[in-house]
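My entries follow in the order in which I checked things.

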Amino acid sequence: MVAGDFRAFVAGTAGRLLYVATLLTSEPAVPPGAHPHAQRLLAAALGATYARWDRLRDEDPYAHTRRELAVRFARTAWRYHRGRGGPLSRLTPAERLAVVLLHHEGLYVEQAAALMGLSEERVEALCRHAVHTLRSTPRAAAS
């Protein structure tokens, strides 16, 4: 039963989680399959979730997987320092993580700060700088 429940969870959330991973690694989302770093990152996060699946109990599996994704990205952020042409490629890894958690995933600053291991003020500053950078990017350079 555990495997079936996990398969249903993956079927329902893998697309969104892959998009989150793609934003974090700053790989272009097209053509399909052109984001191997994001796929590896997501596979590792889903593997960790599957390993704890029967112990999650009342915990939201999506939140657990998102946390695994964020932590694994932060641990390996040096690999993603240089953008790979994705929409957030001009941002640093920390800025990408802050923007994705706050604006794409809709977390509160307190939640994002706890996930990132930073103060709320630092997360807000990272996000402000990231948004300023994205807004000041000419359209031609952003695409």
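This is a predicted model: local features need pLDDT of at least 70, side-chain atom pairs count only at pLDDT 80 or more; totals for chains, interfaces and linings use all residues.

I take buried to mean under 20% relative accessible area, exposed to mean over 50%, and partly exposed to mean in between, with a 1.4 Å probe and protein chains only.

Residues are numbered from 1 along each chain as its sequence is written, and side-chain values use heavy atoms, with hydrogens and water left out.

**Elements.** I looked up the secondary structure as DSSP runs numbered from the N terminus, where helices are H or I of at least four residues and strands are E of at least two. The chain has seven helices and zero strands.

**Aromatic rings.** I paired rings of Phe, Tyr and Trp (its six-membered ring) if their centres lie within 6.5 Å, calling planes under 30 degrees apart stacked, over 60 edge-to-face and the rest tilted. The structure holds four such aromatic pairs. Phe6 is buried at a relative accessible area of 12%, and Phe9 is buried at 10%. Together with Tyr50 and Trp53, Phe6 and Phe9 form one aromatic cluster.

**Helix α4.** Nine of the 12 residues of α4 (residues 93–104) are buried, so I record this helix as largely enclosed by the rest of the structure. Among the buried residues of α4 are Pro93, Glu95, Arg96 and Leu97. After α4 comes Gly106, with a positive phi near 70°.

**Helices α5 and α6.** With axes as lines fitted to C-alpha atoms over the stretch in contact, and angles running from 0 to 180 degrees between N-to-C directions, I find that α5 (residues 109–116) and α6 (residues 120–136) come within 8 Å and cross at roughly 100°. Angles of 65 to 115 degrees count as roughly perpendicular, and α5 and α6 are therefore roughly perpendicular to each other. Taking contact as heavy atoms within 4.5 Å, I list Val109, Glu110, Ala112, Ala113 and Met116 of α5 against Glu120, Val123, Glu124 and Leu126 of α6.

Key. Angles under 35 degrees count as roughly parallel, over 145 as roughly antiparallel, 65 to 115 as roughly perpendicular and the rest as oblique.
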